[in-house]
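Please look over the sequence and the model shown here, with attention to the surroundings of the ligands and to the charged side chains. The paragraphs that follow take these topics in turn.

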Amino acid sequence: MNHELPTMNYQLPTIISILALLTITACRPDESPQVQTPHNLQLPVGFPPPLMPDDNLLTNERIELGKKLFFDPVLSRDSTISCATCHLPSKAFADNLPVSVGIHGREGFRNVPSLANVAWHPYFFREGGSPSLETQALGPIADEVEMDLTIAEAAARLRTDDEYVEMSKIAYDREPNAYVISRALAAFQRILVSSDAPYDEYIRGNQSALTPEQINGSNLFFNELQCATCHTGFNFTNYNFENNGLYENYEDEGRARLTTQTNDIGKFKVASLRNVALTPPYMHDGSLPTLESVIEHYNSGGSSHANKSLLIQALNLTAQQKSDLISFLESLSDETFINNPEYQ
Ligand code: HEC
Ligand code: HEC
């Protein structure tokens, strides 16, 4: 990366003030409006119930409002950038750029993560700096390299739009404000469930859903190598923060940016691998262009670093094993998810 890291994408003071704002507005009574329809998230086999805040239970009206906001560039200063500019449905709600590009072409410093199954993440951002989808949602709107609009300005814009006022009153019984914007965006993102990849069909019993190469790759991934110690469970992550040996010197110090602890340098949230073949380039900075380069990275054992996980060791894989692993990772691509009309 040739650019510096002047600011954290979402600075702690911003997050704290947002939290304060949410707490104040959350004290207002959340009277249940009349015309709401509860939304029952269909839980796929093997998925536990997601974390769901009591003050933001899913209803179709909340999801509809969140979806409209997610795709609407009105939330950026010059009305050019929406959440979906960086989180594209066809790319499993990520993009294919090394680092994000926001308003006026301004570059961020991190690669855009997929939003598939974000409802199950215990915290957000690659260093874990945001505690909930509700708090996260306000970050990119205010961030000067992403959408660059204060929440007050965003809410004021929406209050001049009859449709938003109407939808907001129905969904949250109040006019558009930070409370509504953050919760509606969170509600929409909670329905982004990816559970229909060929790999899912295979574990549900369809033996022909995977090719023999993919089955070999899954044996390597789960049994012979240590991949699934970190990339485990239905979302292929244990959500821990790990240093996987990318660098000797980390320009982005990851978890240490938040904790300032030396032993957190170079640690990032273990990435979910769902739809991973759709979201190159890879790693927090988009520095590895292809799945081939990711496998070469793990095969080499990575760079030496005091914090590197002991699980990251040279592997001596054969060419066939490398290609089987890649085939397996490709079996996590979910066509149903990226084409789901509910999400567009
Ligand atoms: C300019 C590109 C850009 C825009 C616009 C954008 N994001 Fe993001 N998003 C990112 C990047 C980059 C990250 C990773 C940031 C980090 O880890 O520090 C991210 C992270 C996230 C995460 C955390 C995912 C995880 O796995 O931790 C969520 C949720 C999210 N964005 C939702 C949104 C929503 C909602 C909007 C619209 C209000 C939005 N984003 C707008 C680039 C963008
Ligand atoms: C010690 C825990 C750990 C082990 C073991 C591990 N990974 Fe990772 N993996 C990570 C972390 C952490 C990241 C994210 C690093 C970053 O953001 O820079 C990651 C990222 C990835 C990515 C890129 C995801 C993306 O969207 O950018 C792929 C692909 C991947 N790992 C595959 C594997 C495979 C295959 C193996 C086994 C050979 C493996 N990992 C073993 C921790 C681990």
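**Ligand shells and salt bridges**

By class, the shell around ligand 2 is made up of 15 nonpolar, 5 polar and 3 charged residues, where Ala, Val, Leu, Ile, Met, Phe, Trp, Tyr, Cys and Pro count as nonpolar, Asp, Glu, Lys and Arg as charged, and the others, Gly among them, as polar. This is a predicted model, in which local features need pLDDT of at least 70 and side-chain atom pairs count only at pLDDT 80 or more, while totals for chains, interfaces and linings use all residues. Residues are numbered from 1 along each chain as its sequence is written, chains are lettered from A and ligands numbered from 1 in the order in which they are written, and side-chain values use heavy atoms, with hydrogens and water left out.

Ligand 2 is surrounded by 23 residues, of which Cys227, Cys230, His231, His284 and Tyr298 are the closest; a residue is near a molecule if one of its heavy atoms lies within 4 Å of it. Three elements, α10 (227-230), β2 and α12, each supply at least two residues of this shell around ligand 2, and the largest share, 3 residues, comes from α12. Helices (H or I, at least four residues) and strands (E, at least two) are DSSP runs, numbered from the N terminus. Among the polar contacts (pairs of N or O atoms within 3.5 Å), a polar side-chain atom of His284 lies 2.6 Å from an oxygen atom of ligand 2, and a backbone N or O atom of Met283 lies 2.8 Å from an oxygen atom of ligand 2. On the side of Tyr298, an N or O atom of the side chain is 2.7 Å from a nitrogen atom of ligand 2.

Around ligand 1 there are 29 residues, with Cys83, Cys86, His87, Arg110 and Phe125 coming nearest. This shell around ligand 1 divides into 15 nonpolar, 9 polar and 5 charged residues, and α4 gives the most to it, with 5 residues. A polar side-chain atom of His87 lies 2.9 Å from a nitrogen atom of ligand 1, whereas a polar side-chain atom of Arg110 lies 2.8 Å from an oxygen atom of ligand 1. The side chain of Gln136 has an N or O atom that is 3.3 Å from a nitrogen atom of ligand 1.

The charged side chains come next. A search of the whole structure finds 12 salt bridges, each being a side-chain nitrogen of Lys or Arg within 4 Å of a carboxyl oxygen of Asp or Glu. One of them pairs Asp55 with Arg183, with the closest N and O atoms 2.9 Å apart. The two residues are 128 residues apart, Asp55 in the loop between α1 (12-26) and α2 (60-70) and Arg183 in helix α7 (residues 178-190), and the pair links distant parts of the chain. Arg183 is buried, at a relative accessible area of 4%, whereas Asp55 is partly exposed, at 28%; buried means under 20% relative accessible area, exposed over 50%, and partly exposed in between (1.4 Å probe, protein chains only).

In another salt bridge, Arg274 meets Asp200 with the closest N and O atoms 2.8 Å apart. Arg274 lies in the loop between β2 (268-269) and α12 (291-300) and Asp200 in helix α8 (residues 198-203), so the pair ties together parts that are 74 residues apart in sequence. Arg274 counts as buried at 4% relative accessibility, and Asp200 counts as buried at 3%.

Notes. A polar contact is a pair of N or O atoms within 3.5 Å; within protein, one must be able to donate a hydrogen and the other to accept it, and residues adjacent in sequence count only if both atoms are side-chain atoms.
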